[in-house]
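These are my notebook entries on a structure that I had not examined before. I set down what I looked up, entry by entry.

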Amino acid sequence: MNIMLRRWMVSALGLLLFMGLCGCLVGRGYGGGGYERSGHEYGGWGSGYHVAPARGMRLGR
Amino acid sequence: MTICCHRAGHLLSHGLCAVLLYATCVATVMAAPFELPPLVTPASAEHHVGKVIWVELVTPDLAGAKAFYSGLFGWTFQGLQGGKADFAVALLDGRPVAGLLQRAVPAGEQRQPAWRGFIAVRDVDAAKAIALAHGAKVVFEPKTYPQRGRQAVLADPEGAIFAILASTSGDPADVLAGPGEWIWSSLHVQNPDTDAAFYQTIFGYKVFDVPSEDGKKHVILLTEDYARASVNPLPGDSSHRLPHWLNYVRVVDAAGAAAKAVALGGRVLVEPHVDRHGGNVAIVADPTGAPFGLMEWSETDTKKESK
């Protein structure tokens, strides 16, 4: 392997390492998504269990 | 022999160039920030602290979720710029109504796919600091997405997860949601009084007691004279149930929508029943188990409630 080729390979490896590090530092993950713990259960919502706004309240969504 | 070696070296260097070019492209894509669209287009100067201004689903099956919600509400979907395959924006009549994010469930773990509400704040870091001082925990640290704004995900003192967002493009106007849009949110916790006080500290809510037939404390949170959410005690034997937020889509016919959800592969968690406002409410889950509510709101109320 000649010296030029070896230099190429070292440079390429260095660049790849640098890009990988940049990728890690910048971070591409979405800081908003993630699961919740299991255990949401809905039994026991009897007829008197109300969640809606009261009649006459203003809603804005 | 020398010529042969020289040619081989030449070929190798060309190959390396190609690999480098490819790696650069891949690394650029990998390092690119998550480009979320603005909440309001064109941007507005409106801000409504305490209002749930955005809702996002975390699901292990984005394609399945698209089919389900498209069939149920007529939503269409748009991928993100840059071709990210794991996030889609749901649209209704061309307007963004929700985000859908695909995440793999960690191997060997049981996790709950869920719709997450984003509550408006003016300063995410200040809101986070207040929340932490009052017993909250950080789920995702604050992060800025240039077009959307700065956001963070927190768990309240009882463990219910919610997100806060300071939108770059302003907050959506206070108009009544139409059918197929998010209309309401409810929080289910062990102790509504204490938890409502926690949210009041962060968002400045007025807390309004509402009469209930189960003899327990139920409250409504308001800002700017608009009802934003209810806080309810976990029903039944709540020691086995986790505190959580639920979000509701306005429908014309809750029973019909619940039946449609089942036909599309979902299931009914709470049968349609008449709620406090006089309309029907049902709780359903999509095919991966993400729960959400279906809420009727009459046209009479629409006229009365519109600003």
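**Entry 1: chain A.** I began with burial in chain A, where 43% of the 61 residues are buried. I take buried to mean under 20% relative accessible area, exposed over 50%, and partly exposed in between, with a 1.4 Å probe and protein chains only. I note that the model is predicted, that local features need pLDDT of at least 70 and side-chain atom pairs pLDDT 80 or more, and that totals for chains, interfaces and linings use all residues. Residues are numbered from 1 along each chain as its sequence is written, chains are lettered from A and ligands numbered from 1 in the order in which they are written, and side-chain values use heavy atoms, with hydrogens and water left out.

I then looked up the secondary structure of chain A and found 1 helix and 1 strand. Helices (H or I, at least four residues) and strands (E, at least two) are DSSP runs, numbered from the N terminus. Chain A exposes about 3,400 Å², and carbon and sulfur atoms supply 66% of this area. Such areas come from the Shrake-Rupley method with a 1.4 Å probe; for residues, only the protein chains shown count as cover.

**Entry 2: chain B.** I counted 6 helices and 17 strands in chain B. Of its 307 residues, 51% are buried. Its accessible surface comes to about 13,200 Å², with 59% belonging to carbon and sulfur atoms. I also looked up contacts, meaning heavy atoms within 4.5 Å. Among the contacts in chain B with a separation of 6 or more, 62% are between residues 24 or more positions apart.

**Entry 3: the nonpolar cores.** Which residues touch the most other members of the largest nonpolar core? In this core of 54 residues, they are Tyr69(B), Trp75(B), Trp115(B), Phe162(B), Tyr199(B) and Phe292(B). Helix 2 (residues 62-73) of chain B gives the most to this core, with 6 residues. Apart from it lies another core, of 23 residues, which includes Trp45(A), Ala52(A), Ile183(B) and Leu222(B). A nonpolar core is a set of buried Ala, Val, Leu, Ile, Met, Phe, Trp, Tyr and Cys residues joined through side-chain atoms within 4.5 Å.

I followed Phe162(B) further. Leaving aside neighbours within four places in sequence, the contacts of Phe162(B) include Gly117(B), Ala152(B), Tyr199(B), Ile202(B) and Trp245(B).

Entry 4: I located His218(B) in strand 12 (residues 218-223) of chain B. Is His218(B) buried or exposed? His218(B) counts as buried because its relative accessible area is 1%. Beyond its neighbours within four places in sequence, His218(B) is in contact with residues including Tyr49(A), His50(A), Phe208(B), Asn232(B) and Arg276(B).

Tyr145(B) lies in strand 7 (residues 137-145) of chain B, and is buried at a relative accessible area of 2%. I noted 9.5 Å between the C-alpha atoms of Tyr145(B) and Ser167(B), which are 22 residues apart along the chain.

**Entry 5: backbone details.** I found a cis peptide bond from Thr41(B) to Pro42(B), with omega near -5°. Pro42(B) is in the loop between helix 1 (2-31) and strand 1 (52-59) of chain B.

Asp93(B), which is not a glycine, has a positive phi near 55°. Asp93(B) is in the loop between strand 3 (87-92) and strand 4 (95-102) of chain B, and is exposed at 68% relative accessibility.

Glu224(B), also not a glycine, has a positive phi of about 55°. Glu224(B) is in the loop between strand 12 and strand 13 (226-233) of chain B, and counts as partly exposed because its relative accessibility is 43%.
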